[in-house]
Amino acid sequence: MTEYALEAVGCGLRRRRGWALRDCSFRLPAGRVCALVGPNGAGKTTFLSIAADLLRPTTGTVRLFGEPPGGREARGWTALLSQDKALYKNFRVDEILRMGRELNPTWDQRRAEEIILQGDVPLGARIGTLSGGQRTRVAFALALGKRPRLMLLDEPMADLDPLVRRQMTDALLDDARNHGTTVVMSSHVVAELDGACDYLVLISNGTVRLAGEIDVITDEHRLLTAPDQDRARRQDLRGHVVVGTMTERRRLTALVRPRGPLPQGWQAGTPTLEELLLTHLSSTDTPPLITPSARVSSDGVLSPGGAA
Ligand SMILES: Nc1ncnc2c1ncn2[C@@H]1O[C@H](COP(=O)(O)OP(=O)(O)OP(=O)(O)O)[C@@H](O)[C@H]1O
């Protein structure tokens, strides 16, 4: 039976200005590396904060391996690496690692030190004297040293140079491959997600628009291209779900979810992850696409045998 690292059922959070997250339902099978994507203000940080028990949802529930995020077990299983990386500035790096060791029964000192030393960060240096990128590396060491079952990352790599981004991505993938760690990573950098992630959750306006395996979601779409001279060609797309269209150099390109045979005279290709995300990010009225493995039934009961 499929084990789910994360299940959200009807999860919503209301802020003073309105809903930051609304009726968010999906599930994430254990061991996946999931990209959490959405425009600014979509609700990604809000969702990750609920999963890390920093915020309580106004409606619905989130479960981590079947347990509520605030429970002792779920706290032990989860590591959150957030945008602000709160680390005590007066602590030395080795003191931060000692804190990690004392707080976490599953602590892996060798792993944490490996991450620090790979970046030539002195173990005796105070956090306050480190550069932004070096601090991020310490935060990664603290999170990876915990050996969590579920790693939540909220735009963690913004201040890292490209080489260190690659090192940290490799470290995450290593953990996913060798220890079955489930990773949820929010980022605006598609290149960072492409190749690293095999699962996708796209949130827009506080609601889930896409959720599931990246290859299954990609397979549900076609990128159609036709010369734009013939305006009637737009009519060809009737009956298909059109996520978005773009005209460039007099050629019309449309990202569609086919509903029947593709129209004659159009070239059909598979969209790249970037094409898929950019088009979905600018679309507000496309019906959500949740693949079977990510689906929660409408009455809030998890659908049986949902894994694809
Ligand atoms: N502390 C807060 N008080 C009130 N509203 C907030 C607060 N934090 C976030 N919001 C609002 O909640 C909504 C969701 O914000 P959230 O930070 O979750 O988005 P995000 O997808 O992480 O955005 P970004 O990509 O810009 O980091 C936004 O409308 C935002 O203005």
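Mentor: Let us begin with contacts: two residues are in contact if their C-beta atoms, placed from the backbone, lie within 7 Å. Please keep in mind that this is a predicted model.

Trainee: Which residues is leucine 152 in contact with, leaving aside its neighbours within four places in sequence?

Mentor: Leucine 152 is in contact with Leu48, Ala51, Ala52, Thr78, Ala79, Leu80 and Val184. Leu152 also belongs to the largest nonpolar core, which has 79 residues. Leu6, Cys34, Leu152 and Leu200 touch the most other members of that core.

Trainee: Which domains does this core draw residues from?

Mentor: The core takes at least three residues from each of domain 1 (4–215) and domain 2 (222–269). The C-alpha centres of these two domains lie 38 Å apart.

Trainee: How should I read a helix, and how many residues of α1 are buried?

Mentor: An α-helix has 3.6 residues a turn, so residues three or four places apart point the same way. To judge burial, one counts the other C-beta atoms within 10 Å of a residue's own: 20 or more make the residue buried. In α1, eight of the eight residues are buried, so this helix is largely enclosed by the rest of the structure. Among them are Phe47, Leu48 and Ile50. After α1 comes aspartate 53, whose phi is positive, near 65 degrees.

Trainee: What does helix α1 give to the shell around the ligand?

Mentor: Helix α1 (residues 44–51) gives three residues, the most to that shell. Residues surrounding the ligand include Arg15, Arg16, Arg17, Lys44, Thr45 and Thr46. By class, the shell has two nonpolar, six polar and four charged residues.

Trainee: How should I read a sheet, and in what order do the seven strands of the open sheet stand?

Mentor: Strands of a sheet pair through backbone hydrogen bonds, either parallel or antiparallel. Here the seven strands form an open sheet in the order β5-β6-β7-β3-β8-β9-β14, with mixed pairing. At the edges stand β5 (78–81) and β14 (289–290), each with a single partner strand, so one side of each is left without a neighbour in the sheet. Within the order, β8 (residues 199–204) and β9 (residues 207–213) pair in the antiparallel sense over six bridges. Valine 201 stands opposite alanine 211 in β9.

Trainee: Which strands pair with β12?

Mentor: Strand β10 (residues 222–227) is joined to β12 by six bridges and runs antiparallel to it, while β11 (residues 241–248) pairs with β12 in the antiparallel sense over seven bridges. Leucine 255 in β12 stands opposite leucine 223 and is also the bridge partner of glycine 244. A hairpin is formed by β11 and β12, with two residues between them; in its turn, arginine 249 has a positive phi of about 45 degrees. Five of the seven residues of β12 (residues 251–257) are buried, and the strand is mostly covered.

Trainee: Is serine 25 buried or exposed, and what does it touch beyond residues up to four places away in sequence?

Mentor: Serine 25, found in strand β2 (residues 18–29), has 24 C-beta neighbours inside 10 Å and therefore counts as buried. Serine 25 touches Ala8, Val9, Gly10, Val208 and Val296. Serine 25 and valine 296 are 271 residues apart along the chain, yet their C-alpha atoms are separated by 6.3 Å.

Key: Residues are numbered from 1 along each chain as its sequence is written. This is a predicted model: local features need pLDDT of at least 70, side-chain atom pairs count only at pLDDT 80 or more; totals for chains, interfaces and linings use all residues. A residue is near a molecule or strand if its C-beta atom, placed from the backbone, lies within 6 Å of it. Helices (H or I, at least four residues) and strands (E, at least two) are DSSP runs, numbered from the N terminus. Ala, Val, Leu, Ile, Met, Phe, Trp, Tyr, Cys and Pro count as nonpolar, Asp, Glu, Lys and Arg as charged, and the others, Gly among them, as polar. Domain bounds come from an automatic or database domain assignment. Two strands pair if DSSP finds at least two bridges between them. A nonpolar core is a set of buried Ala, Val, Leu, Ile, Met, Phe, Trp, Tyr and Cys residues joined through C-beta atoms within 7 Å. A residue is buried if 20 or more other C-beta atoms lie within 10 Å of its own, exposed if 12 or fewer, and partly exposed in between; C-beta atoms are placed from the backbone.
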